[in-house]
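User: I have a structure open and would like to go through it. Can you help me read it?

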Amino acid sequence: MIRVLGIETSCDETAASVVALEGDAASPKILSNVVLSQIEEHAAFGGVVPEIAARAHVEALDGIVEAALADAGMPLAGIDAIAATAGPGLVGGLIVGLMTAKAIAAAAGKPLIAINHLEGHALTARLTDGLEFPYLLLLVSGGHTQILAVRGVGDYQRWATTIDDALGEAFDKTAKMLGLPYPGGPNVEKAAQAGDASRFAFPRPMKGSAQPDFSFSGLKTAVRQAATAIEPLSNQDVADICASFQAAVADALADRVSRALARFTETFPGTNKPALVVAGGVAANRAIKATLERLCADAGFTFVAPPLKLCTDNAAMIAWAGIERLREGMAQENGFDFVPRSRWPLDSVSTPMVGSGRRGAKA
Ligand code: KG4
Ligand code: ZN
């Protein structure tokens, strides 16, 4: 039996969770999963303000950890190890989370495991669906847009990343331009429902390009130009722009993902049940999900979308990554002397790229 307390503070969620694994054959259990979102604190600024985030983590984290232990019905003494996000992310929040984890671990005499936030996302489908390696991961959040081949614990290949904005960021900036409230994604999706997706012919960035990466800044510019040209915007104009933007995004994603599915089939030909896992807040978008589902069905892939609560930032995925590392004997390299890393690509051999392995302010 392994029980791990996870702590997550890399962006604008303060989170703690206890995950347990009884024996190798049994499926893991999430004993608690407490997430406090700071959305309201940042809403007025249209994006995450790093200083506000760090201060909010300081104020909330102790109580969130206590709540996670209480929900799990467990004293600290019942925990085998503490796992905390050590990067990538906003450094103020990372310092708060990792230092708190170090203090708790030192006081309780428990091991400390420093976790890469992206690894948390990458391994979630094994916590929720018991997925076997290898599989493909599409991570689409406010800070990241990546496609990763997940080959094993600590064994990731980044096949694509954004060369400019993250997809969630593109939704948030589009919303801001159109006067829709933060966070933009859900509001753009809602407005799009009443819109005509064929009214604006927005570009499909990178579509047809042999280069695997994503790009969204050109699309953002096209949206701005279209909106400026017809100002003042009626509700119908806003809906039409949102619908056209969302259609362009879904199309561009489909092109990028279908390339990755083909590459996966070539690279791992013997895979029994190939799967595409989606993670990150943008995975909530129904139009995007439907597009990905269709692609997977056509390519013979299983489409795995973990429950949204575990797709967006949470500490259960961090605790679970800790368990996976403990099981593999891969936790010892981390520990008390680990320093938070604002940049920390999962795949150390990839060429660095703006926006990759780094979660900056979304504003
Ligand atoms: O993974 P996540 O909760 O957190 C961070 O990135 O920290 O992702 C948040 C992002 C935001 O940019 C938000 O606008 C976007 O996910 N998002 C959506 C939807 N719901 C959230 N984007 C498109 N459609 C949605 N329904
Ligand atoms: Zn995340």
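Analyst: We can go through the domains, the metal site and the salt bridges. Keep in mind that this is a predicted model.

User: Ok, domains. Which residues belong to which domain?

Analyst: Domain 1 takes in 2–125 + 309–334, and domain 2 covers 133–308. Their centres, taken over C-alpha atoms, are 27 Å apart.

User: How many residues touch across the two?

Analyst: On the domain 1 side, 23 residues are in contact with 23 residues of domain 2.

User: And what area do they bury between them?

Analyst: About 1800 Å², with 71% of it on carbon and sulfur atoms. Within domain 1, the residues that lose the most area to domain 2 are L118, A122 and C311, which together account for 29% of what that side buries.

User: How many salt bridges and polar contacts cross that interface?

Analyst: The rule finds zero salt bridges between domain 1 and domain 2. For polar contacts, it finds ten residue pairs across the interface, both residues at pLDDT 80 or more.

User: Which helices of domain 1 are on the side that touches domain 2?

Analyst: Helix 1 (39–43), helix 4 (117–129), helix 10 (308–311) and helix 11 (316–327) each supply at least two residues to that side. Helix 4 gives the most, with seven residues.

User: What kinds of residues make up that side?

Analyst: The side of domain 1 that touches domain 2 has twelve nonpolar, five polar and six charged residues.

User: New topic, the zinc. What coordinates the zinc ion (ligand 2)?

Analyst: Three residues do: H117 and H121, each through NE2, and D313 through OD, at 2.1 Å. The spacing of these donor residues in sequence is H-x3-H-x191-D.

User: Why are H117 and H121 about one helical turn apart?

Analyst: Because H117 and H121 are four residues apart in helix 4, about one helical turn separates them.

User: Back to salt bridges. How many are there in the whole structure?

Analyst: A search of the whole structure finds 14. One of them is between R199 and D240, whose closest N and O atoms are 2.8 Å apart.

User: Where do R199 and D240 lie?

Analyst: R199 is in the loop between helix 6 (184–192) and helix 7 (217–229), while D240 is in helix 8 (residues 235–267). The pair therefore ties together parts that are 41 residues apart in sequence.

User: And why would two side chains pair like that in general?

Analyst: Side chains of opposite charge can pair when their charged atoms come close.

Technical notes. Residues are numbered from 1 along each chain as its sequence is written. Chains are lettered from A and ligands numbered from 1 in the order in which they are written. This is a predicted model: local features need pLDDT of at least 70, side-chain atom pairs count only at pLDDT 80 or more; totals for chains, interfaces and linings use all residues. Side-chain values use heavy atoms; hydrogens and water are left out. Domain bounds come from an automatic or database domain assignment. Contact means heavy atoms within 4.5 Å. Buried area is the accessible area (1.4 Å probe) that two parts lose on being put together, summed over both. A salt bridge is a side-chain nitrogen of Lys or Arg within 4 Å of a carboxyl oxygen of Asp or Glu. A polar contact is a pair of N or O atoms within 3.5 Å; within protein, one must be able to donate a hydrogen and the other to accept it, and residues adjacent in sequence count only if both atoms are side-chain atoms. Ala, Val, Leu, Ile, Met, Phe, Trp, Tyr, Cys and Pro count as nonpolar, Asp, Glu, Lys and Arg as charged, and the others, Gly among them, as polar. Donors are N, O and S atoms within 2.8 Å of the metal (3.2 Å for Na, K and Ca); water is not among the atoms, so sites may look incomplete.
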